[in-house]
Amino acid sequence: MVTDGVVVKVEDISAGYAKRPVLDKVSFHINKGEMVGLIGPNGAGKSTLLKTMRGFLPLRTGLVEINGRKVQEFTAHDFACQVGYLQQYVEITFGYTTKEIVLAGRYPHLKWWQKENANDWEIVRACMEYTGVWNLADKTMHAISGGQRQRVLLAKVLAQQTPILFLDEPTTGLDVFYQEEIFRLCQNMCQVGKTVMMVVHELALAARFCSRILLVGKGGIIANGTAEEVLTEKNLSRAYGVSVKVVKNPLTGNIEVFTVHADRDISKEQLLYRIAGVNTATNECQGGEQVV
Amino acid sequence: MKKMTGFFVLLAACFLIISLISLSWGQIDIPFKNILAMFCHELHLPFFADVLFTPEQQAVLYYIRMPRTFVGLLVGAGLGASGAVMQGIFSNPLADPGIIGVSSGASVGAVIAIALGFTEISMLYMPLFAFCGSLFAVTLTVLLAMRHGRIPVMTLLLSGVVVGMLLGALTSGILTMMNEQKMQQYLFWTIGGLDYRRWEHVLLAVGPICGGITIMLLMARHLNILVLGDVEAKAVGMKVMPFRLFLLTMASMITATGVCVSGNIGFVGLVVPHMMRMLVGPDHRRLLPASIIAGGTFLVFCDTIGRIILPPLEIRVGVMTAVIGTPYFLYLLRRTRNLSR
């Protein structure tokens, strides 16, 4: 693995929206060639952190440096040449074909009057072949499945040819095999020297593929390190607010995470009976006589 | 790629044929060959030298038909292009140039010009007032939508609707205080028409519309990025705000100019880009040229139909575009179901 030098440096930043800071005093470094998984419960501020680092949300305090330069000094164009960003949910209006979408990734490499040349198309093709969607090049974005769609968008970010990639939940909504494939693609990219920071929810996959994991929760970073160091019962229970068990599968060596069930909750059960329209005393459907 | 070339050749052929028909048909028929003979004669070309034409035909062609057709082509092309651009800016297939208050602003301007009696002084006052009115309306819409230096698309659409309503009420208010003759004048203006257009109208429209269209064509690739949405455009390094505002200004200017010289003409800006998107796809480098040619053709086509359907009466082109556009649009809607395709 190529690891030389810090490419992303985050120091003491607080991020969030005007009246509601989500994260406070967050600091970490990312080295070249690392694949960093950003995990944590919903609403913990993973996306907020990524957006702040990419400059989409204002940096309230602190310092973000990318390749030794403060992000405030970047122009929109410079930033796009350094960092590729895949947002959580992309809505594509109109029937653009997948190759037209991937071509959009070439935008930062063109002057405003230029049009894409053969070289740009070659890169588009290479990116789409790498993510395995070149055979869909002429299909519209509406005509492909969720897994294919995500790989097209990944190809678009790749076509930007940036050394750093920020991916916000690239695997959400995909089936297990597609998820694993996205992780594997990212891992291979890191092996050739790209740096990937991705928000993920699949803890087991993160543990298998990521070289480092950042656990976000309680308004800051709870843990930062390898999967073994971060994915402990104590850390996860604290971050997610439920009691968590972590088990290492003896067959595969993979980590499995699940919650420990609380005791039977009578009030919830009664509510459920009411919703289902079942009489708790007789266990019969209420108003059943009226139905012939 | 070959298919595209074929399509554009076909479109250009339609454009030429319909322009020719529009020059030829009317109360006084001028046969095609006489028109071509007149053109060749003017341009000193050695074709059709044996075809004779009367001075009357020449006068009708030069002073009545040609300005009318030219205004139609210009306005139609402008509306087609600005419709495509608006739909792109808002990533919304239902946006059209009227949606951010251009037309309602123009109406207010026009009604003020009529109420103050300026229209009797010179025919240029009403276009001027209409133009100022639309620029005022667009500025108001944009200012209302701007918050912390950002313009969220949805807020912009809503402020456009609100400004439109406000100005509509203002127009109605002024109308109720006017006498019948002035009211008729307004009514006549508000239903867009191409009748009695003169070379002055062509001159008035040609600069802003051709200039605006050229700039839009140059920006077509950038528009493709803008359509993907704010975050996506920023992620590839586009300065979204200046681009959006600039294109918005261009589209408003073209529409305002169009409204100036021919009154409110609906549907062209909505239907034409939509139709073209289904035929050539959403890439603005093909969509914009197609919408420009098709917009001009469609408007002149509607005008010609309106002229020959009930002679000697003329149905105004603003009515015809809606009458022809609505069923076709509904057909498209039913056929595709998914509007965003």
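**View 1. The open six-stranded sheet of chain A in the predicted model.** Chain A of this predicted model holds an open sheet built from six strands, which follow one another in the order 6-7-8-3-9-10 with mixed pairing. At its edges lie strand 6 (83-86) and strand 10 (220-225) of chain A, each of which pairs on one side only. From one strand to the next, the twist averages 15°.

**View 2. Pairing of strand 6 with strand 7 in chain A.** Strands of a sheet pair through backbone hydrogen bonds, in either a parallel or an antiparallel manner. Here strand 6 and strand 7 (residues 164-168) of chain A run parallel and are joined by four bridges. Within this pairing, Y85(A) has F166(A), in strand 7 of chain A, as its bridge partner.

**View 3. Helices packed on the sheet of chain A.** Helix 1 (residues 46-54) of chain A packs on the sheet and touches strand 3 (35-39), strand 6, strand 7, strand 8 (195-199) and strand 9 (212-217) of chain A, its direction making about 145° with that of strand 7 of chain A. Helix 6 (residues 176-191) of chain A also packs on the sheet, where it touches strand 3 and strand 8 of chain A, and its direction makes about 155° with that of strand 8 of chain A.

**View 4. The contact between chain A and chain B.** Chain A brings 23 residues to this contact and chain B brings 24 residues. On the side of chain A that touches chain B, helix 2 (residues 76-82) of chain A gives the most, with four residues. Sorted by class, that side of chain A comprises 13 nonpolar, seven polar and three charged residues.

Methods. Residues numbered from 1 in each chain as written. Chains lettered and ligands numbered in written order. Predicted model: local features only at pLDDT ≥ 70, side-chain atom pairs only at ≥ 80, totals over all residues. Contact = placed C-beta atoms within 7 Å. Helix = DSSP H or I, 4+ residues; strand = E, 2+ residues; numbered from the N terminus. Nonpolar A, V, L, I, M, F, W, Y, C, P; charged D, E, K, R; others polar. Pairing = 2+ DSSP bridges. Axes fitted to C-alpha atoms, helices over the stretch in contact; angles between N-to-C directions.
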